[in-house]
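Here is a short report for a reader new to this structure. Take a look at the sequence and the model before reading on.

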Amino acid sequence: MPTPLDKALRSRNAFLAFAGIVTGVAAWSIWGSDVFPQDQSDPKGNPEEWTREEMRRWLTLRNLHPQESDTREQLLERIQANMRIPRE
């Protein structure tokens, strides 16, 4: 007499789910972050050398809501006002 586990293993849906998981893992390992972009991290280095987009990303990650109309100088001023002093 077949058990519920035997019936589940014979199911086409279970096979397709397993095949989908294997395909997803294979795609992730082959293409990595090209197809599945990762969360962008903070820009590194001196804020005065960052691009306007990096400045906007830094402010957005901290929920400081930069506006489209902000100039590069305004963004830099807000970043410098909100940066933490490094502890030594």
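## A salt bridge between Arg 78 and Asp 70

Arg 78 and Asp 70 join their side chains in a salt bridge, with N and O 3.6 Å apart. The model is predicted, and this distance is computed from its atoms.

How accessible are the two partners? Asp 70 is buried, because its relative accessible area is 12% and the cut-off for buried is under 20%. Arg 78 is partly exposed, at 26%.

## A second pair: Arg 56 and Glu 68

The count of salt bridges comes to 2. Arg 56 also takes part in one, with Glu 68 as its partner. Their closest N and O atoms are 3.0 Å apart. This pair links distant parts of the chain. Arg 56 sits in helix α3, while Glu 68 lies in the loop between α3 and α4. The two are 12 residues apart.

Is Glu 68 buried or exposed? Glu 68 is exposed, with a relative accessible area of 62%. Arg 56 is buried, at 13%. Side chains of opposite charge can pair when their charged atoms come close.

## The buried side of α3

Helix α3 covers residues 52–61. Which of its residues are buried? They are Met 55, Arg 56, Trp 58 and Leu 59. These residues span an arc of only 160 degrees around the axis, so they fall on the same side of α3.

What do the buried residues of α3 pack against? Their partner is α4, residues 72–82.

## The loop between α3 and α4

Asn 63 follows α3 and is found in the loop between α3 and α4. Asn 63 is not a glycine, yet its phi is positive, about 55 degrees. At 57% relative accessibility, Asn 63 counts as exposed.

His 65 has its place in the loop between α3 and α4. His 65 is not a glycine either, and its phi is positive, about 45 degrees. His 65 counts as exposed, with 60% relative accessibility.

## Helix α2 and what follows

Helix α2 runs over residues 12–31 and has 20 residues. From its first C-alpha to its last, α2 reaches 28 Å. That is close to the 28 Å expected at 1.5 Å a residue.

What comes after α2? Gly 32 does, and its phi is positive, near 55 degrees.

Methods. Residues are numbered from 1 along each chain as its sequence is written. This is a predicted model: local features need pLDDT of at least 70, side-chain atom pairs count only at pLDDT 80 or more; totals for chains, interfaces and linings use all residues. Side-chain values use heavy atoms; hydrogens and water are left out. Buried means under 20% relative accessible area, exposed over 50%, partly exposed in between (1.4 Å probe, protein chains only). Helices (H or I, at least four residues) and strands (E, at least two) are DSSP runs, numbered from the N terminus. The arc is that of the directions from the helix axis to the C-beta atoms. Contact means heavy atoms within 4.5 Å. The expected span of a helix is 1.5 Å times one less than its number of residues. A salt bridge is a side-chain nitrogen of Lys or Arg within 4 Å of a carboxyl oxygen of Asp or Glu.
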